[in-house]
Amino acid sequence: MHKKKSETISWYFGDFGGKFVPETLFEPVNKLEKEYFKMYKSKKFISELRYYYKNYAGRPTPLYYAEKLSQYCGFKIYLKREDLCHTGAHKINNTIGQVMLAKIIGKKRIIAETGAGQHGVATATACALFGLKCVIYMGEEDMVRQEINVYKMKLLGAEVVCVKSGTRTLKDAINECMRDWVSNVKDTFYVIGSVVGPFPYPLMVRNFQSVIGFETRNQILNIEKQLPSYLVACVGGGSNSMGLFSPFFYDKKVNMIGIEAAGKGVNSKHHSASLAKGKITVLHGMKTYVLVDDYGQVQHTHSISAGLDYPAVGPEHSYYKSISRARYVSCDDDGAIFGYDLLSRMEGILPALEPAHAIGYIAKNREKFSSKDVVVICLSGRGDKDVGIIKNYGI
Ligand SMILES: *Cc1c(COP(=O)(O)O)cnc(C)c1O
């Protein structure tokens, strides 16, 4: 968490972020900001959050030295095992935090959007835990791609609304969810799944996810007696990466690499690399890099992993890019499959296709690192959900 210099809180990260919402949502978003900053300092809230992280989500997650992968690459690689969190990914860190906040401020109904279904499952899980009603918006195409997650959400007691507008993926689900929020703002809390949306969401989600980076910092100092030379994570909306990166912001010697999904290639029309190929504009309440066409319309994106298939990116990443605090590169579908296969065979860990992009990038670019490097890769989720996709891809 960045130290605040004064009590005034900026809605921006450099030039990025802000609060671009319709008039009807401006008050609710401001109210959420006040409530969040009150809780953020409350000892009771923090200790309750820690309780659930530990006893429910299974934190701290291990920082695992991947010996065979390290030998293969020629430098030390540690995996931050977010795949071992309850529900199988880092998303639960955020949903526990937001749903707890919603309950404390008296909201009765939770809504959320989901792409891969991971955020939907994590939200439905937190709602079951805290006893709140849960409605999940999901694009029709994603519902087909991630059928099992749809069923899991229903088992957890959530209602899943099928979104048939636009490209029938995550961005359309976000639009529908915002529409719901505008009409039901009185009793409804919108749980956003990544470091995106109007302020305070990008900051709030980053703070909930920064437990990843704080744990990593302690763990690596314990094991290696030094900070890592590289932090590496995949970037969809950017929450697992920002969660890992942000506690190291002031450690100048720690390099950060964010991996975007290059799909069928960043020069094809089928990718999700917003930082590499996007333009600065406003989408979903924030000013950031967005993949738009010459008319300013949001482009159809593609990635083999539904979790990275998003046309924008969290504003704090746009800021990190603008000040060169992190470097953003990409890995295509084939590279992700390569990473999936490699980690499965070498370490006995099936990674989600999202972090498989990070594994694939590092393995393919291993010549660029030195034998003294210590690299931490955020293994944001487990790969069970993607076995069907891998099977169809034909390894
Ligand atoms: C959702 C998801 C992502 C992408 O989201 P970020 O906000 O960029 O972290 C990455 N990995 C997994 C396993 C996911 O479920």
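**Exercise 1. Locate I359 and decide whether this residue is buried or exposed.**

*Solution.* Start with the secondary structure: I359 sits in helix α15, residues 353–364. Helices here are DSSP runs of H or I with at least four residues, strands are runs of E with at least two, and both are numbered from the N terminus. Before going on, note that this is a predicted model, in which local features need pLDDT of at least 70, side-chain atom pairs count only at pLDDT 80 or more, and totals for chains, interfaces and linings use all residues. Residues are numbered from 1 along each chain as its sequence is written, and side-chain values use heavy atoms, with hydrogens and water left out.

Next, check accessibility. Buried means under 20% relative accessible area, exposed over 50%, and partly exposed in between, with a 1.4 Å probe and protein chains only. The value for I359 is 1%, so this residue counts as buried.

Then list the neighbours. With contact meaning heavy atoms within 4.5 Å, I359 touches L79, G339, L343, I377 and L379, leaving aside residues up to four places away in sequence.

**Exercise 2. Describe how helix α1 packs against helix α8.**

*Solution.* Two packed helices are described by the angle between their axes and the distance between the axes. Axes are lines fitted to C-alpha atoms, for helices over the stretch in contact, and angles run from 0 to 180 degrees between N-to-C directions. For α1 (residues 23–40) and α8 (residues 170–184), the angle is about 80° and the axes are 9 Å apart. That makes α1 roughly perpendicular to α8, a label covering 65 to 115 degrees.

Now look at the side chains: T24, L25 and V29 in α1 meet M178, W181 and V182 in α8. The residues of this contact divide into five nonpolar, one polar and no charged. Ala, Val, Leu, Ile, Met, Phe, Trp, Tyr, Cys and Pro count as nonpolar, Asp, Glu, Lys and Arg as charged, and the others, Gly among them, as polar.

**Exercise 3. What are the overall dimensions of the chain, and how many residues in percent are buried?**

*Solution.* The C-alpha trace spans about 55 × 45 × 40 Å along its principal axes. Of the 395 residues, 62% count as buried.

Note on methods: Parallel < 35°, antiparallel > 145°, perpendicular 65-115°, else oblique.
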